[in-house]
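The exercises below ask you to work through a structure step by step, with each task followed by its solution.

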Amino acid sequence: MPRPFIFGQVFPRRLLSTTASRMASASNTPMEDIMREKLTNAFQPSTLIIRNDSHLHAHHAPMRGSTSKETHFHVTITSPEFQSKMQPVRHRMVYALLKEEMSQEGGIHALQLKTKTPDEEEREKERKAQA
């Protein structure tokens with residue numbers, strides 16, 4: 001399998017081949033675990049919050065018959081890797097990294113992203129402190 005090329009970065013092959021082995025593990029949150037590992041290894045985030053919102057969407061028609069409890073996620077990630085990149089580019093970076101998990105049956109169905117640089121996160125904290 002060729003290594004993916006993403007906006008000038010090459011991610012190690014091991015990041016892309018962890019899904020099968022992790023999904024077979026005894027974890028109660030195997031998809032979240034895979035996401036956390038991939039995002040951490042690729043972006044070295046100072047902040048990484050992964051919230052599983054699947055329970056809020058279990059009644060939706062596309063989710064009927066799905067046995068997965070990990071289909072809908074909200075991710076907040078702060079990384080210097082996002083410096084000088086617009087939001088759409090940042091999101092494409094994350095989507096490309098999680099492509100395998102998003103394409104598999106019972107995998108990620110919806111992914112809401114909040115991507116920030118450390119400077120943006122600091123400014124946000126300052127604004128909240130002044131409010």
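**Exercise 1.** Find which residues V75 touches, not counting residues up to four places away in sequence, and then find which residues have the most contacts inside the largest nonpolar core.

Solution. With contact taken as heavy atoms within 4.5 Å, V75 touches M35, L39, L48, I49, I50, L111, Q112, L113 and K114, residues up to four places away in sequence being left out. Before going further, note that this is a predicted model, in which local features need pLDDT of at least 70 and side-chain atom pairs count only at pLDDT 80 or more, while totals for chains, interfaces and linings use all residues. Residues are numbered from 1 along each chain as its sequence is written, and side-chain values use heavy atoms, with hydrogens and water left out.

The next step is the core. A nonpolar core is a set of buried Ala, Val, Leu, Ile, Met, Phe, Trp, Tyr and Cys residues joined through side-chain atoms within 4.5 Å, where buried means under 20% relative accessible area, exposed over 50% and partly exposed in between (1.4 Å probe, protein chains only). The largest such core has 19 residues, and those with the most contacts inside it are M35, L39, F43, V75, V94 and L111. At least two residues of this core come from each of helix 3 (30-43), strand 3 (47-52), strand 4 (72-78), helix 4 (87-97) and strand 5 (110-116), and helix 3 gives the most, with five residues. Helices (H or I, at least four residues) and strands (E, at least two) are DSSP runs, numbered from the N terminus.

**Exercise 2.** Describe the place of Q112 and say whether Q112 is buried, exposed or partly exposed.

Solution. Q112 is found in strand 5, and with a relative accessible area of 47% Q112 is partly exposed. Leaving out residues up to four places away in sequence, Q112 touches F73, H74 and V75. Q112 and R51 are 61 residues apart in sequence, and from C-alpha to C-alpha they are 9.7 Å apart in space.

**Exercise 3.** Describe the aromatic pair formed by F43 and F82.

Solution. Rings of Phe, Tyr and Trp (its six-membered ring) pair if their centres lie within 6.5 Å, and planes under 30 degrees apart count as stacked, over 60 as edge-to-face and the rest as tilted. By this rule there is one aromatic pair. F43 and F82 form this tilted pair, at 5.2 Å centre to centre and with 40° between the planes. Since F43 lies in helix 3 and F82 in the loop between strand 4 and helix 4, the pair ties together parts that are 39 residues apart in sequence. Both F43 and F82 are buried.

**Exercise 4.** Work out how many salt bridges a search of the whole structure finds, and examine the one between E101 and K38.

Solution. A salt bridge is a side-chain nitrogen of Lys or Arg within 4 Å of a carboxyl oxygen of Asp or Glu, and the search finds six of them. In the bridge between E101 and K38, the closest N and O atoms are 2.9 Å apart. E101 lies in helix 5 (residues 99-103) and K38 in helix 3, so the pair ties together parts that are 63 residues apart in sequence. E101 is buried, with a relative accessible area of 0%, and K38 is likewise buried at 0%.
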